[in-house]
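Please look through the sequence and the model shown below before reading on.

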Amino acid sequence: MAVLKNELKQGRNTFFIWTLVIAFMLAVCVLIFPEMEGQMSEISGMFADMGSFSAAFGMDRINFGEFAGFFGVECGNILGLGGAFFAALTGISALAKEEKEQTAEFLLTHPVSRKKIVLQKWCAVFIQIIALNLVVIGTTVLSAFMIGESLDKKTFALLFLAYFILQIEVLAICFGISAFISRNGLGIGLGIAVLFYFLNIISNLTEDARFLKYITPFGYTDGADIIANGSIEVKYLSVGLMLMIIGILAAFWKYEKKDIL
């Protein structure tokens, strides 16, 4: 448990900063809804007729004048991108930082196997993602209460569940990559998160690119699809879960064999 505690301690500043920023931006987004509600109701139809631009962001399938629709697109982008960035940055540095910071020798002299090191490091980053989402959910509920909006339990439960799985998938993929690198991989982590986001936008533009939703976790977190269908797309989610498992297994496999300097 020493590795787990140490990882949580080392990552607390980053966790607090990212959680505060995401929660703050989410709260502001929710709190401005009453000011935007009338305007959104008027321009919702206009957004729906903007062709490819509307399709790219799902604005042709939901009503911005309703809180769920507004949250699914506007607030969803904050939580989706912010959560993906945090997960990517946390995961990509989890196993690589020991060599980067030259603390690997000290870590590996402790009476703990490499498998247990990977397990405890995974648990540490996983706990941070859970804590982030608990804060975000609490912030959303409180902010909605302050503006007098009631949350549809099923819709918002699906939205938050989808975003949580997205973060875990990005975390697992970057965690797996982290075992293969020995230097700063922050650019790789951010690049993966950004790539996934834009792949989803491209997949919404044309049916010919729809297959990209199988690749990107943003495919099953599309707020417009979840609100319109009342469910998460299982066919996209299943691929995401497979990639998640592959990322975690790759981390254990590679770290066990890795020549750590």
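**A guided reading of the model**

Of the 261 residues of the protein, 49% count as buried. The model is a predicted one, and the values discussed here were computed from its atoms. The protein contains twelve helices and zero strands. Read from the N terminus on, its elements therefore run α-α-α-α-α-α-α-α-α-α-α-α.

The account begins with helix 1. Within helix 1, the residues Val3, Leu4 and Glu7 are buried. These residues cover an arc of only 100° around the axis, which puts them on the same side of helix 1. On the other side of helix 1, the exposed residues are Ala2, Lys5 and Lys9.

Side chains of opposite charge can pair when their charged atoms come close. By the distance rule used here, a nitrogen of Lys or Arg within 4 Å of a carboxyl oxygen of Asp or Glu, the count comes to two salt bridges. Glu7 takes part in a salt bridge with Lys121, and the closest N and O atoms of the pair are 2.8 Å apart. This pair links distant parts of the chain, since Glu7 belongs to helix 1 (residues 2-10) and Lys121 to helix 8 (residues 114-146), 114 residues apart. Are the two partners buried or exposed? Glu7 has a relative accessible area of 5% and is therefore buried. Lys121 has a relative accessible area of 0%, so Lys121 is buried as well.

A salt bridge is also formed by the side chains of Asp222 and Lys213, with a distance of 3.5 Å from N to O. Asp222 counts as buried because its relative accessibility is 7%. Lys213 is buried too, because its relative accessible area is 0%.

Helix 2 may be followed next. Helix 2 consists of 20 residues and reaches 28 Å from its first C-alpha to its last, close to the 28 Å expected at 1.5 Å a residue. Which residues of helix 2 are buried? They are Phe15, Thr19, Ile22, Ala23, Leu26, Ala27, Cys29 and Val30. Seen down the axis of helix 2, the buried residues fall within an arc of 160°, so they line one face of the helix. On the other side of helix 2, Asn13, Phe16, Ile17, Leu20 and Phe24 are exposed.

Ile17 lies in helix 2, which covers residues 12-31. Because its relative accessibility is 54%, above the 50% cut-off, Ile17 counts as exposed. Ile17 also belongs to a nonpolar patch on the surface, formed with Val21, Phe24, Met25, Val28 and Ile32. Together, the residues of this patch have about 530 Å² of accessible area.

Val30, in contrast, is a buried residue of helix 2. Its relative accessibility is 0%, under the 20% cut-off, and Val30 therefore counts as buried. Val30 and Cys75 are 45 residues apart in sequence, while their C-alpha atoms are 7.3 Å apart in space.

The cysteines can be considered next. How many disulfides does the structure hold? The structure holds zero disulfides. Cys29 counts as buried because its relative accessibility is 7%. Cys174 is buried as well, because its relative accessible area is 0%.

Phe160 and Leu134 are 26 residues apart in sequence, and the distance between their C-alpha atoms is 9.8 Å.

The buried residues in helix 12 are Tyr236, Leu237, Gly240, Met244, Gly247, Ile248, Ala251 and Tyr255.

Notes: Residues numbered from 1 in each chain as written. Predicted model: local features only at pLDDT ≥ 70, side-chain atom pairs only at ≥ 80, totals over all residues. Heavy atoms only, no water. Patch = residues over 30% accessible without salt bridge, like charges linked within 9 Å, V, L, I, M, F, W, Y side chains within 5 Å. Areas by Shrake-Rupley, 256 points an atom, 1.4 Å probe, with all protein chains shown as cover. Helix = DSSP H or I, 4+ residues; strand = E, 2+ residues; numbered from the N terminus. Buried < 20%, exposed > 50% of the residue type's maximum accessible area, 1.4 Å probe, protein only. Disulfide = S-S within 2.5 Å. Expected span 1.5 Å × (residues − 1). Arc of directions from axis to C-beta.
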